Amino acid sequence: MRRERGIVGCGLLACVLAGCGGGPAGSHLDPGVMAQLRAVLSEEPRLPDGFTPRPGEAWRIPFDKAGKNCRTMLRPAEGRAPSQALTAQVAVSYAGDDLGEQAGVALARYTGGEAADHLDDLADALESCRRVSSPSGTDLRSRELPIEDVGDEAVGARLTGRLNGYPYAMDVVLSRAGDTLVSVVHTGLEDVDAGRTRAMVDAVITMAEDR
């Protein structure tokens, strides 16, 4: 799954920004770039039908216990992307009109080609995340979510099963548009529509590329 083309708060409006209270090691945060990324996701974002255009708080991983690889692949959507060469990041969520539907969206901008290297590492983590389970009734199994012709490169996974005893599904797509890492998590009860996941990913990449 490594580098294969065609596969898959704090701050304004509850955005989670890298560097709140100090930047992470290896990063050089640029306030101007952070303002650009905030604008991409908050100023009349062009989202698929059925999603509210008003951003909410950054999406959060909904389970306490998970293996390192599973948490690694999901952290960027929380606004916790890899820090090396990071210049800015922002994370929000949008509510959908299907039952329990939510999309967590995050952008992270890098210098020196690090976005591609970080996507490599995240792809490894995604491929190694096979199952999330806990005594509280969480049991999610992961499989590849093929997504073609997304940005410069992308990887994806679908997790399905039960979250705290309730039917739950999650699509995870990690992609790159130039020097920007784009993270999208699309969740819902029982099932999520892969077409809507793809539409959200395409919309976010288009917005990122316009800036």
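Analyst: A residue is termed buried under 20% relative accessible area, exposed over 50%, and partly exposed in between (1.4 Å probe, protein chains only). The model is predicted, so local features need pLDDT of at least 70 and side-chain atom pairs 80 or more, while totals for chains, interfaces and linings use all residues. Numbering starts from 1 along each chain as its sequence is written, and side-chain values use heavy atoms, without hydrogens or water.

Across the whole structure, 12 salt bridges are found (a side-chain nitrogen of Lys or Arg within 4 Å of a carboxyl oxygen of Asp or Glu). One of them pairs Arg 176 with Glu 153, whose closest N and O atoms are 2.8 Å apart. Because Arg 176 belongs to strand E6 and Glu 153 to strand E5 (residues 153-163), this bridge ties together parts that are 23 residues apart in sequence. Helices (H or I, at least four residues) and strands (E, at least two) are DSSP runs, numbered from the N terminus. Both Arg 176 and Glu 153 are buried.

Another bridge connects Arg 109 and Asp 179, with 3.6 Å between the closest N and O atoms. These two residues come from distant parts of the chain, 70 residues apart: Arg 109 sits in strand E2 (residues 102-110), and Asp 179 in the loop between strand E6 (166-177) and strand E7 (180-188). Arg 109 is buried, at a relative accessible area of 12%, whereas Asp 179 is partly exposed, at 39%.

Asp 139 and Arg 141 also form a salt bridge, their closest N and O atoms lying 3.5 Å apart. Here Asp 139 is partly exposed, at 29% relative accessible area, and Arg 141 is likewise partly exposed, at 46%.

Neighbours within four places in sequence aside, Leu 74 is in contact (heavy atoms within 4.5 Å) with Trp 59, Ile 61, Phe 63, Met 170, Val 172 and Val 185.
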